[in-house]
Amino acid sequence: DHFLLQKKETLVKSKDFEYAIGVNERRWIEETHGYLSCKILEREKGFEISSQRYQKHFDYDKIKKQLLVRNRRPGDRFVPLGLGGSKKLKDYFIDEKIPQKERERIPLLCDGDQIMWVIGYRMSERYKVDSDTKRILIVNYEPADA
């Protein structure tokens, strides 16, 4: 009985960003309005993995290249923790029902071109802490709006 006609929202592509991040560094990420910080700890008995949304623990010795924080790029893939296989980042965002306009603003922690963590969401299986882990990289993200 009704016919609705409206203008399609045009998506404004965010400017690509990429920052190198060092250990024991706290860096402001202008495009996401948040701070990212990293530190290394030697693994001790009884160490517990954080379940906080904006803090993750990684096996530091599995990192092979420069730590980077950046936004998504066409063709990005990662191995979501618990899934075992590789998945397109675009498909992951669709499955998680993340609105298209928010996807450009979600920062990614990377080991060179390998995605380690979709910040605020899932980390990669490849960098998880396991029984052989000796050094742990603790990464915190502090969104300004939280």
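Predicted model: local features only at pLDDT ≥ 70, side-chain atom pairs only at ≥ 80, totals over all residues.
**Exercise 1. A hairpin and its sheet**

How many residues stand between β2 and β3 in the hairpin that they form, and which residue in the turn has a positive phi?

*Solution.* 

Step 1. In the hairpin of β2 and β3, four residues stand between the strands, and the residue of the turn with a positive phi is His-33, at about 55 degrees.

Step 2. Next, look at how the two strands are joined: β2 and β3 pair in the antiparallel sense over five bridges, and in this pairing Arg-27 stands opposite Leu-36 in β3. As a general point, strands of a sheet pair through backbone hydrogen bonds, either parallel or antiparallel.

Step 3. Now turn to the other partner of β3. Strand β3, residues 34-42, pairs with strand β10, residues 135-143, in the antiparallel sense over nine bridges. Gly-34 stands opposite Pro-143 in β10, while the bridge partner of Ile-40 in that strand is Leu-137.

**Exercise 2. Salt bridges across the chain**

*Solution.* 

Step 1. In general, side chains of opposite charge can pair when their charged atoms come close.

Step 2. Take Glu-18 and Arg-73, whose side chains meet in a salt bridge with a distance of 3.7 Å from N to O. Glu-18 belongs to strand β1 (residues 18-20) and Arg-73 to the loop between β5 (67-70) and β6 (77-78), so that this pair, 55 residues apart, links distant parts of the chain. With a relative accessible area of 47%, Glu-18 is partly exposed, and Arg-73, with 22%, is also partly exposed.

Step 3. Take Asp-61 and Arg-135, which form a salt bridge whose closest N and O atoms are 2.5 Å apart. Since Asp-61 lies in the loop between β4 and β5 and Arg-135 lies in strand β10, the pair ties together parts that are 74 residues apart in sequence. Asp-61 is partly exposed at a relative accessible area of 34%, and Arg-135 counts as partly exposed at 29%.

Step 4. Finally, take Asp-76 and Arg-70, which form a salt bridge with their closest N and O atoms 3.0 Å apart. Both Asp-76 and Arg-70 are buried.

**Exercise 3. A buried arginine**

Which side chain of opposite charge is nearest to Arg-103, and how far away is it?

*Solution.* 

Step 1. Locate the residue: Arg-103 lies in helix α2, which covers residues 100-103.

Step 2. Identify the nearest side chain of opposite charge, which is Glu-104, 8.0 Å away. Compare this distance with the cut-off for a salt bridge, which asks for a nitrogen and an oxygen within 4 Å. Arg-103 is buried yet has no salt bridge.

Step 3. List what does touch this residue. Leaving aside neighbours within four places in sequence, Arg-103 is in contact with Arg-72, Phe-93, Ile-94 and Ile-98.

**Exercise 4. A glycine in a loop**

Decide whether Gly-120 is buried or exposed, and name the residues with which Gly-120 is in contact.

*Solution.* 

Step 1. Gly-120 lies in the loop between β9 (114-118) and β10.

Step 2. The relative accessible area of Gly-120 is 8%, and the cut-off for buried is under 20%, so Gly-120 is buried.

Step 3. Leaving aside neighbours within four places in sequence, Gly-120 is in contact with Arg-53 and Tyr-54. The C-alpha atoms of Gly-120 and Pro-107, which are 13 residues apart along the chain, are separated by 8.5 Å.

**Exercise 5. The chain as a whole**

State how many helices and strands the chain has, and what share of its residues is buried.

*Solution.* 

Step 1. The chain has two helices and ten strands, and from the N terminus on these elements run β-β-β-β-β-β-β-α-α-β-β-β.

Step 2. Of the 146 residues in the chain, 38% are buried.

Step 3. Among the contacts in the chain with a separation of 6 or more, 70% are between residues 24 or more positions apart.

Note on methods
Residues numbered from 1 in each chain as written. Heavy atoms only, no water. Buried < 20%, exposed > 50% of the residue type's maximum accessible area, 1.4 Å probe, protein only. Lys, Arg positive; Asp, Glu negative; His and termini not counted. Contact = heavy atoms within 4.5 Å. Pairing = 2+ DSSP bridges.
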